[in-house]
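Dear colleague,

I am passing the structure below on to you, and my notes on it follow. Please read them with the model open beside you.

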Amino acid sequence: MTIKNVVFDFGGVLLDWNPRYFYRDIFKDDEKMEYFIKNIVTSTWNAQMDRGRTFEECMKELSELNPDYKNEINQYRSGWEKMLKGEIPEGMRVFNAVLDSGKFKMYGLTNWSAETFPYAYNKYTFLQKLEGIVVSGEEKMVKPEKGIYLTLLERYNLVPEETFFMDDNINNVEVALSRGMHAVQFTGTDENLEQIAKILEIKI
């Protein structure tokens, strides 16, 4: 079956988001910063906001559990824009090649807070070229939960076998495959871009 739709993950594929870009200046000590990111403001904690909880609520809870880090935790929201560094060149090569080919409808499926997504959408205007975007924070579900993939397919009437998905997280890729979609883990290597180009039959 011919692929007609291409679905992009955003963070780690098209946009470079990393709390280190902000907290490096706060801690001025990489070891302390790494401890804080790996043990306090963890990806599991951040996923609560991707699932629709407010920054305020999550920061308050975390500060009560870790009073020694209250000041650093409470800067998570105000420093968030600095965590979003910019476009990932390799991902943008794929995005522009897919767009320029004119062969596909393009969509987004992202784990992202509903509070901060409008900032990214307005700053990185290439996102506005997509036919539709499913944002986890608005749906109160995150990848790799199966429901969010079904939301994408149903909302935009996509046939899984006609849909190609790329994500930097292998767990998210595996669930897309289990839903009947074509899917590849995005790594940004030359081999990876060749693999994507071959599947989509385009030049990247």
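From strand β6, T163, F165 and D167 point one way while F164 and M166 point the other way, and all of them are buried (under 20% relative accessible area, with a 1.4 Å probe and protein chains only). Because five of the five residues of β6 (residues 163-167) are buried, this strand is largely enclosed by the rest of the structure; strands here are DSSP runs of E with at least two residues, and helices are runs of H or I with at least four, numbered from the N terminus.

This is a predicted model, in which local features need pLDDT of at least 70 and side-chain atom pairs count only at pLDDT 80 or more, whereas totals for chains, interfaces and linings use all residues. Residues are numbered from 1 along each chain as its sequence is written, and side-chain values use heavy atoms, without hydrogens and water.

Strand β1 (residues 5-8) runs parallel to β6 and is joined to it by four bridges (strands pair if DSSP finds at least two bridges between them), with F164 in β6 as the bridge partner of V6. Four bridges also join β6 to strand β7 (residues 182-185), again in parallel, and M166 has V184 in β7 as its bridge partner.

As for the aromatic rings, F22, Y23, F27, Y35, F36, W45, F55, Y69 and Y76 form one cluster, where rings of Phe, Tyr and Trp (its six-membered ring) pair if their centres lie within 6.5 Å, and planes under 30 degrees apart count as stacked, over 60 as edge-to-face and the rest as tilted. Both F55 and Y76 are buried.

Best regards

How values were computed. Buried < 20%, exposed > 50% of the residue type's maximum accessible area, 1.4 Å probe, protein only.
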